[in-house]
Amino acid sequence: MRRCIAQFHRKLLGEGVSNRRPLPARQMFSAAVAVFVLVGALAACAPTRAGADSRFITVLSIEPQNPLIPSNTNEIGGGWIVDRLFAGLEYLDADGNPHEDAAESVALSADRLVYTINIRPGQTFSNGEPVTARSYVDAWNFGALSTNAQLQASAYEKIAGYEDLAADPPRSKAMSGLKVLGDLVFTVTLSQPAVDFKSALAWSPYYPMPRVAYRDVRAFGERPIGNGPYELASPDAWQHNVRIDLKRSPAYHGPRRVKNDGLSLIFYQSHEAGYADLVGGNLDFLYLLPDNVLGVYKRDLGDRWLKQPTAQNLQFSIPFYLPHFNGEEGRLRRRAIIEAINREQIAKVIFYDTRTPMRDFTSSALPGFDPHIPGSAVLDYNPEQARALWAQADRISPWQGTLFFVYNADGGHQALVDATTNYLRRTLGISAEGMPKQSFKEVRDLATRRQMPGPFRNGWLGDYPTALNFLETQFVTSAGSNDTLYANPRFDELLRQAESAPDRQAALVSIRQAQSILFEDLPVLPMFDYVAVAGYSTRLDNPRSTWNGAPDFENLQLKDGLR
């Protein structure tokens, strides 16, 4: 069935979006209806509400890449679950506004280096263990220690003494900047002021863990015990590649009030299958509708849809370990590729203008977004210049073979990749093809093992609503989500200057300069910001999406009479 949909996309796009005129709207609508017929055929192999507690709300999700350890989770499948099971010192509401969660207070010293954190008394993990200052300090030290090889280890680099734990071999097992002053009080001393640090306290690397976690961390990740508003519904709640069931935790008494009895996160093999279940009444919430139904979803769902700009983006990452993509040759090829792609046309034909071409490396939905950063002209469609740049790169080292674009087939990205590779074939005269992988987990495994065979579809969904969250995590040397192995000391220094700024407005000066460097080096090809379209079932009462496009999980609720 995946092959049938691929054939349809090729017909819709004329072997990819080209320079010729797009299909008339009426023909496009008819084509989209044809895709919906194919989508319906997928329902037979899709997960459904069967097996879920009828009181639980069913949400499309994806299989997590790793066991559910907060400091080792940096992708959406695991992130959504970890964020439900654990409570940080802070949390973000649906609009991205910060509030205290497990913290009673977070106070900053006059020199902006020392945070004194008081934890709200009376909190416990779901196994009854008290939540203390040590619960946080031990978890952060565990996450930073190089021998634990946590994906989010770099999140702690602003804390004094981090470099001793990050060393290989480590010179210490505890960061000097963390001091426990009492059961419910600890201090965090930074190595330099950090304008974003308090915002980051809502991010999963800063969650606590109970003492039992350290007996067998991997086993704990399979059946995690948290301090958040949900807990596992049963010991076998996580059925790999099928679903995970979470129920409201009676141990949590914090501000994130839960309006449902539980959640069933169902790991679909495709968004198309999820959409078929949504239309068929077997799924309650689909956070992002697949691109091949964007012309018909209003007919299918009536008024049961949400549409809003969100702080998430879509990009193609090009690892620097790939042949032909390093040094001056690599800069020329990266620029040639992005200038060969007509992103405006793709946004119109494939995404019905629910994507907007990116103008920087963050998100247009963030405060301080600037569409006119010096160097951003490289994003403009310029096929003639693209051909010249590619030819110039060939004079350094001739290109041979096929350029493969890797993507996860369970995320509905084939039409985008087909259109992109078609532009490259037509404009650059090279062999370019998509390389689908069955799941997002498979793509993430290739990325973290540094085994990508070519550029790959990637993206960022904000952890907290600042530009630095998008830039530091992906592009600082050795950052946890720096999948391309990008390294530029000048870029790193500019972000350090941004963090040291007295406020976020002042930080934007250095952020702007840092992004100009990214436009020169292009570690990723910025493609689209999201205007996310979500859909929901007749069972839900006024659901919402959040500032970064995720479902507003705690506030999802069934209509009266179904609760």
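1. In this predicted model, Glu 554 is a buried residue, its relative accessible area being 8%. Its salt-bridge partner is Arg 84, and the closest N and O atoms of the two are 2.8 Å apart. Arg 84 also counts as buried, at 9% relative accessibility, so both values fall under the 20% limit that defines the class.

2. A second salt bridge brings together the side chains of Glu 129 and Arg 211, with an N to O distance of 3.6 Å. This pair, too, links distant parts of the chain, 82 residues apart: Glu 129 is in the loop between strand S5 (114-119) and helix H4 (133-144), and Arg 211 is in the loop between helix H6 (197-200) and helix H7 (217-222). Glu 129 is buried at a relative accessible area of 9%, whereas Arg 211 is exposed at 59%.

3. Lys 247 and Glu 231 form a further salt bridge, with 3.8 Å from N to O, and they connect strand S10 (residues 243-248), which holds Lys 247, to strand S8 (residues 230-232), which holds Glu 231, across 16 residues. Lys 247 is partly exposed, with a relative accessible area of 32%, while Glu 231 counts as buried at 15% relative accessibility.

4. As for the total, the model contains 27 salt bridges, among them the Arg 84 to Glu 554 contact discussed above.

Note on methods:
Residues numbered from 1 in each chain as written. Predicted model: local features only at pLDDT ≥ 70, side-chain atom pairs only at ≥ 80, totals over all residues. Heavy atoms only, no water. Salt bridge = Lys/Arg side-chain N within 4 Å of Asp/Glu carboxyl O. Buried < 20%, exposed > 50% of the residue type's maximum accessible area, 1.4 Å probe, protein only. Helix = DSSP H or I, 4+ residues; strand = E, 2+ residues; numbered from the N terminus.
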